[in-house]
Amino acid sequence: MVMEVERISGLKFHKKQDVAIVGAGMTTFKRRLNETGKELSYLAVKQALEEAEMELSDIEMVVMGSAPDAFDGLHMKGEYLLDGSGGSDRPYMRVFVGGGTGVFAPIAGYWHVASGLADVCLVVCEEKMSSSHPHPQSAFKYIWDPILDRPLNPNLIWIFALEMNRYMHVHNIKHEDIALVSVKNKANALDHPCAQLAEKITVEDVLNSEPMALPVRRLDVSPPSDGAAALIMVAPHIARQITDNPVWVTGVGWALDTTMWTNRDLYFPRYVAEAAKMAYKMAHITDPRKEIDVAEPYDPFDYKELHHMEGLGLAKKGEAPILTREGVTARDGDLPCSPSGGLLGVGNPIAATMGVKACELYWQLAYRAGKRQVAKEVTTGVCQAWGDLMQVGTVVVMSNKR
Amino acid sequence: MAVGKKDISAPPYAEGTSLSDEDIKKKKVTYVEDHPNIRYSWTAGQAVSKFLNELKKGKIAATKCNKCRRIMVPPRVFCELCYKPIDEWVYVEDTGTVQTFSISYIDPDAKPLEEPVIVAVISIDGASKNMGIMHVLGEVKPEDVYIGMKVKAVWKPEDEREGSVTDIKYWKPLEG
Amino acid sequence: MRVAVLGVGYSGFNTNTPDLNWKELMLEAAVRAYEDAGINPRKDVDSVVTCAEDFWEGFAIFDEFVPDQLGGVLKPTCTVCSDFLYGVATAYMQIKSGLADIVVVEAHSKASDILTFGEVIKFAMDPVWLRDIGNAHPYYFAALEMSQYVSECCINEEQIAEVVVKNKNNALLNSSAPYGAKVTVEDVLNSPMVFDPMRKIEIAPVSDGAVVFVLGNEFVAREITDTPVWVKGVGWWSETSNYDTMSFNAMYAYKAAKMAYKLAKITNPAKEVDFAEVDDRFAFKELQHIEALQLSRKYETGSLMQEGYFARDGELPVNVSGGNLGVGNLLEATGGQKALEVVLQLRGLAGKRQIEAETGVAQAWRYIPTASGTVAVFGV
Amino acid sequence: MFNEKIVDPAELRHWGGKIELYWIYTSGEAGDRFFKALRDEGKFIAAKCKKCGRVYFPPRMYCEFDFSETEYQEISGKGRVRAYTVAWLDKDEKPLEKPEIYAIIDMEGTDGCMIHLLGEVEEDQVEIGMEVEPVLRDKSEREGTINDILYFKPS
């Protein structure tokens, strides 16, 4: 018989030290870049080091986040990207939760510092999707179960279309309402110097764009890109030396749902809800809608931002489209969502989307987002990513007050 | 440690060198093309082997957990929620309900398809609620598909079946 | 906050596993580990860490196929693209940072599913500078390193043959080591040379298996057992990814060991470490790694090997389990098998190959073409 | 965790499959410079760190140990064998028609090295410390890849 351990309560979240973010950087996101993955990582790290006014020798440990090896076309791609990410001659580790890696890598950075093993940890995310042929999407053929799914010749978009349709059906949401997210984010991206697909479009443009896997149309989708991003996480005594206004990581959470994605109702992302529960508990947030000032929910597809807002508790189930229509999620709204322009506007180099999620949230809370700075005063924000087969939720809560 | 309390109004970013597909075709930059021969033979294992063998016989096999009382398709040897071995194998119907669907105009390589494919998550009759599989629909026009539609499997002739999920050609609307 | 090993489980190790797919293989190891720890994974586990690389499995995102069989559904579950011991390090940090009280670490090898093993290793090489050169098996990369090592450290063929002889004979006492054999130094020296100066018998063939550890903080450990095995230190280090800046001398293992020893407060490893399980996927690597772990001095290791210093009944036994030469190349589970052997020895559960020990070290390398590795120190 | 298992090998299924993708890898900023010089002029280029002075070969756009920029400089392309191996097996572990000699070659005027094949030399004549020089493909056949260097031969 299995004996059940009596749990010691109240032990959780007793970390060795707090964790602050003091620098971030990213490269432009483009359909195809000449730089190798290593060189892209280097460019992003260089920016982050510059912002923090640090040298590479100040970095103690490195965390790499990068999604499938099939994109860059390298087995053990973490090992390949090592030197460009500043991993030469130091502890270096790659973490991976599919598309959720962009926000998961900072979580791994968090435990490197919070455990006391490192005082300065560099987090780098890179993706070079253009290497994969015949099309970057072809690499997604191999995310399916080789025996149960792959014989049906699936395309990655299928799974999103199926989820989107279910979401629209259950809450009776119109495509027009969902398209507003694409319109908003692509317009927000006009202010992002790294953006690949920033443009002013209308709801009609989205609804009339080329069908991919209905209900998903071309403009509902973020583009595949090449790019990299970097973030520097430090212990409090280091942060103090660098800046008067660091941004603190106050909560992290992640959760992975069952592999059998066809066995659950897709209308609600319970994996995000679980991850958010963990992060909010840690950050002592009880009413996210009131306590969160700015959010960067993961938006590889326009409906996904809405879906994830509901998972994050920023909107009630089925309410996210209404908030979007009312302008609440606009950059000058009460709860700005994806002020960076998100993946829809800036681009979607899978893991490197850390640049528009975690890095953007840091910049917003540090009041360094320039033209993209949200109108309202901000203290606490949340960023989130999703990954795998509708499975992973990764959530980071940051605050500019400790 | 470099110490300097800075005041940056906008974040820095690094410009990469953008290339077009033309640049590659015209060899404006040097590159390497690789077509590796990477092959696998994935072991189906206990549950999936049995599932495939039963498909060959024209039946959909499922497994049952007597603790949570779920009947699970695709079958597995353990219940992932109770974390215990399954209790028995049962057969489920080859009819079901469309949970959600999509009309796909692209193939796995994102190339356009001449005829769209209708793909659906179908919850199988006889299994527990929401126990679905992903498959394609046929004998139906895209505009006629709706969530909640009852469908039935159309099997390949017995001599063409090979113990694969494609032994079911597609699922068609169940009349009446 | 100290970190303890609450339970271990494994499946294998076999040359092939035609009856179980990767999920069922992981399941078998996990169930045994949970039973060993006496916990209910659905209730007690806070976090699950899997160590896997996509192309060892044949998927684009292997992380998808992990949670169910480990009891990790809707729990914090993630993949570390590295060896099992990196997973142990991750768990160590998660526990120390208060994110989790109990963490499960898993790694496995389903190498028998890979039909083109050489092609997969080649796929790890830099595509622009290295991958396309010549037609040989990428084992040549290790042979180049061996060539430099033997000339630099004056190692002779007999000393390397001795590693093979020791490990293959040790493996005969390990029922889960499929490559055990009664061989002599002459047998080895008469065997075919395939990557001069490397012989075929010096290369560990692949095998299948899974290893699962349940790790917990000291409060949980005290509740479960009076004599826990502690994770005293972990270390991991990367030299570089470029062949031109690599030391080809296991500097990664030296630096990783330094980090682990520091955490474990070990100042004189040669005295304080009782035994070690090191990566010997190529026979010469064992000598390199012993040196890097500071268990012997440079230029001495080869002759100590010949004197039986590292034998099962020697001063400082190394690879009592049979090592990779005896158990096989377990891909990312390599460090898992090493750590498993260390824990079994420390708990007195190693059967016929049991030795007397209080502190053991497990070490693994990230395989061709890398210069990264990891070390963990366990003790009672 | 198994109450029963399939024992009949004929009932146990396997599913074959190939990764049907191909990849195009750009040589990158430093690589492009090197391969264009090699292809068009038959020249070898290395990169020197502006800060620590380390000369990298293969060249790269950054110094991996201090992340400073590098400057490119021409080198002779000659080198000295540091280590070598004679490989008899191909990537499927079948015998190669002709054994291939791989070597780590320390490149003259740099702190770096190159891993490449040796040619125009018998297996038993290769020595550590041997001086070698590159043999390039005919200019008209060069493609701007690493195989524009056919092999290194004793000089």
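This is a predicted model: local features need pLDDT of at least 70, side-chain atom pairs count only at pLDDT 80 or more; totals for chains, interfaces and linings use all residues.
Residues are numbered from 1 along each chain as its sequence is written, chains are lettered from A and ligands numbered from 1 in the order in which they are written, and side-chain values use heavy atoms, with hydrogens and water left out.

Two packed helices are described by the angle between their axes and the distance between the axes. In chain A, helix H9 (residues 270–282) packs on helix H11 (residues 302–311) at an angle of about 45 degrees, and the axes are 8 Å apart. Helices (H or I, at least four residues) and strands (E, at least two) are DSSP runs, numbered from the N terminus; axes are lines fitted to C-alpha atoms, for helices over the stretch in contact, and angles run from 0 to 180 degrees between N-to-C directions. H9(A) and H11(A) are therefore oblique to each other, where angles under 35 degrees count as roughly parallel, over 145 as roughly antiparallel, 65 to 115 as roughly perpendicular and the rest as oblique. On the H9(A) side the contact (heavy atoms within 4.5 Å) is made by A:Tyr271, A:Val272, A:Ala273 and A:Ala276, and on the H11(A) side by A:Lys304, A:His307, A:His308 and A:Gly311.

Helix H1 of chain C (residues 22–37) has 16 residues and reaches 23 Å from its first C-alpha to its last, close to the expected 22 Å; the expected span is 1.5 Å times one less than the number of residues. Twelve of the 16 residues of H1(C) are buried, among them C:Trp22, C:Leu25, C:Tyr34 and C:Ala37. Buried means under 20% relative accessible area, exposed over 50% and partly exposed in between (1.4 Å probe, protein chains only). C:Gly38, with a positive phi near 70 degrees, follows H1(C).

A cis peptide bond with omega of about 10 degrees joins A:Leu214 and A:Pro215, the latter in the loop between strands E6 (211–214) and E7 (216–217) of chain A. In chain D, the bond from D:Phe57 to D:Pro58 is cis, with omega near -5 degrees; D:Pro58 lies in the loop between strands E4 (55–56) and E5 (70–75).

A:Asn172, a residue other than glycine, has a positive phi near 55 degrees and is exposed, with a relative accessible area of 69%. D:Glu93, also not a glycine, has a positive phi of about 65 degrees and is partly exposed, at 31%.
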